[in-house]
Amino acid sequence: MTTPLEIDVFWSFRSPWSYLATPRLREWQARYDLTVNFRPVYPLAIRTPEFFHNQHPQWLGYFLTDLMRCAEYLALPISWPEPDPVNQYVDDNGVRQTGEEQPYIHRLTRLGALAAEQGDGIAFADEVARVIWGGTKNWHEGDHLAEAAARAGFDLAALDRQVEVEADRLEAVIQENQAAHDAAGHWGVPTCAFRGEPFFGQDRLDVLLWRLRQAGVTERTPAGSAT
């Protein structure tokens, strides 16, 4: 039996590009003899909020055009989250700033780190991202997240209890993920890393799969098939 190949996936709950990449990564994990190491990190709005202060005036318009186009191409629903996972506001100078109070992104990222430890972070990320980015208003209320977690095989209430108890430890895990993300060779998400080579963006997944095939990745044998 050969050892499965592995990729690291550096991913953010505030990144629409991460959302668009996740269904394919989840499908790869099921289809190929491949371990997808889900490694959530905080978004740039938390890590480096000044990143957005000096963007070209046309950046936002193109970003939104390309985002909607890619979602349509991938046949995935998309809508800017209500509420945004990162609390931001526009200051008196018209500059977008990250708020001091962040009621969502820390919980989400810690939950993702814990789900990864418990065996299927990419499934958890896929189901939760579909709720956040797929047009569910007030995704943080009611049973939206609990039902998403259940679809991925998790009990959200149990995860939340563990997150509350182990917040400091999970923060250390997230910081380890960030250090590994930096070492992988890119700052953005989603970034996949394979054998020292970074693949940034959902539009590089085809190139990554080509590289994995070069490395000999094989499809899993369906259960019940003759060997």
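Is E219 buried, partly exposed or exposed? E219 is partly exposed, at 47% relative accessibility (buried means under 20% relative accessible area, exposed over 50%, partly exposed in between; 1.4 Å probe, protein chains only).

## Basis

The model is predicted: local features need pLDDT of at least 70, side-chain atom pairs count only at pLDDT 80 or more, and totals for chains, interfaces and linings use all residues. Residues are numbered from 1 along each chain as its sequence is written, and side-chain values use heavy atoms, without hydrogens and water.

## Salt bridges

The count is 15 salt bridges (a side-chain nitrogen of Lys or Arg within 4 Å of a carboxyl oxygen of Asp or Glu). E219 pairs with R31 at 2.9 Å, N to O. E219 lies in the segment after α9 (205–214) and R31 in helix α1 (residues 16–31), so the bridge ties together parts 188 residues apart in sequence. Helices are DSSP runs of H or I, at least four residues, and strands are runs of E, at least two, numbered from the N terminus. R31 is partly exposed, at 34%.

D160 bridges to R107, with the closest N and O atoms 2.7 Å apart. D160 sits in helix α7 (residues 156–165) and R107 in helix α4, so this pair ties together parts 53 residues apart in sequence.

R151 and E127 meet at 3.0 Å, N to O. R151 is in helix α6 (residues 144–151) and E127 in helix α5 (residues 121–133). E127 is buried, at 11%. Shared partners join R26, D126, E127, R130 and R151 into one network.

## Strand pair

Strands β5 (residues 191–194) and β6 (residues 197–200) pair in the antiparallel sense over 4 bridges (pairing needs at least two DSSP bridges). C192 stands opposite F199 in β6.
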